[in-house]
Each structure stands twice: as structure tokens, then as C-alpha cells.
Amino acid sequence: MLRAVPVPIPLRALCVTLAMILATSCRRGASQPSPVVLRDRTVAAAGLRLFVREVRSPAAAATLVLHGGPGLDHTYLRPYFDGLRDVTRLLYVDLRGHGRSGAPPESTGYTITAAADDLALVSEREGLSTV
């Protein structure tokens, strides 16, 4: 028998907000989204190069977009999130050892602390005040 698993309120609110933004930007008669502006770069972090792809319009706010799971990179998320480029500057980050980012020499380099440090560094280099 299947049981419903409660979803935390902040996660539910985030999902609803994203759905509303996507629905609004995709409705019939909506103005055309701005052209995609791509800027690829790497950020040096602990001897590695982290790949960052920026998709933007002139929006001032920025959103870090992180891929899930081992072996994945940012590319599978672009069809779903690029539509938000009119309301935020999207920064897709390939985490260490994934996609176009460098891999640590030892498996001990894959930790939550290392990933958090990498993201803090990317945020700092991008001029983001909070993450």
C-alpha cells in the first residue's frame, strides 16, 4: 500500500512558484522571451577548474542551478530552466568531477564540504552576496 509522504512547506512553495513562473512565461499570447545570451567560463577552485554556463537577459538577480546525481552535468536542466532567463540570471554549475569540470585526483575529494566550498567560491566570483 502506498503512503503519501509529506513535502516540506518551503520545498512545496518553491515548486509552486517555479510552476507559476513557467506557466506564465509559456502561456499563449505571452511576449517572446529574450534571446539567449550564453557565457561559458571556468572558476579555479582547490586546484580544479569548475565549469559555469551563464544564461541571461539583463536581469540583475542570479540563480545557481545545480545538477543532481553522480555522472550528470547541467545540460539536462537547460530545457526546463532557460525559460526563466527573463526573470533571473541563470548560472549552471557543473560540480567537481562532473560535466566539463575537473575531477579531484582522489575519491576523498568528493565531499559535501568541498561542494559547498566550490559553490561559495563560484558565488563570490560571480558577485553574489548570498547563496
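The structure is a predicted model, in which local features need pLDDT of at least 70 and side-chain atom pairs count only at pLDDT 80 or more, while totals for chains, interfaces and linings use all residues. Residues are numbered from 1 along each chain as its sequence is written, and side-chain values use heavy atoms, with hydrogens and water left out. The protein chain holds three helices and four strands, where helices (H or I, at least four residues) and strands (E, at least two) are DSSP runs numbered from the N terminus.

**Overall make-up**

- Read from the N terminus, the elements of the protein chain follow the order α-β-β-β-α-β-α.
- The protein chain has 131 residues, of which 32% count as buried; buried means under 20% relative accessible area, exposed means over 50%, and partly exposed lies in between, with a 1.4 Å probe and protein chains only.
- The accessible surface of the protein chain is about 8600 Å², and 62% of that surface belongs to carbon and sulfur atoms; the areas come from the Shrake-Rupley method with a 1.4 Å probe, and for residues only the protein chains shown count as cover.
- Among contacts (heavy atoms within 4.5 Å) between residues at least 6 apart in sequence, 65% join residues at least 24 apart.

**The sheet**

- Four strands form an open sheet in the order E1-E2-E4-E3, with mixed pairing; two strands pair if DSSP finds at least two bridges between them.
- The edge strands are E1 (37-45) and E3 (62-66), each of which pairs on one side only.
- From one strand to the next, the twist averages 25 degrees; axes are lines fitted to C-alpha atoms, for helices over the stretch in contact, and angles run from 0 to 180 degrees between N-to-C directions.
- Strand E3 pairs with strand E4 (residues 89-94) in the parallel sense over five bridges, and Leu 66 has Val 93 in E4 as its bridge partner.

**Helix H3 on the sheet**

- Helix H3 (residues 112-125) lies across E1, strand E2 (48-56), E3 and E4, and runs at about 125 degrees to E1.
- The buried residues of H3 are Ala 114, Asp 118, Leu 119, Leu 121, Val 122 and Ser 123, and these buried residues pack against E1, E2, E3 and E4.
- The 14 residues of H3 should span 20 Å at 1.5 Å a residue, which agrees with the 20 Å between its end C-alpha atoms; the expected span is 1.5 Å times one less than the number of residues.
- Gly 127, which follows H3, has a positive phi near 75 degrees.

**Salt bridges**

- The whole structure contains ten salt bridges, each being a side-chain nitrogen of Lys or Arg within 4 Å of a carboxyl oxygen of Asp or Glu.
- Asp 40 forms a salt bridge with Arg 100, with the closest N and O atoms 3.7 Å apart; because Asp 40 lies in strand E1 and Arg 100 in the loop between E4 and H3, the pair ties together parts that are 60 residues apart in sequence.
- Arg 56 and Glu 54 form a salt bridge whose closest N and O atoms are 3.7 Å apart; Arg 56 is partly exposed at 31% relative accessible area, whereas Glu 54 counts as buried at 2%.
- Arg 89 forms a salt bridge with Glu 126, the closest N and O atoms being 3.3 Å apart, and both Arg 89 and Glu 126 are buried.
- Salt bridges with shared partners join Arg 39, Arg 41, Glu 54, Arg 56, Arg 89 and Glu 126 into one network.
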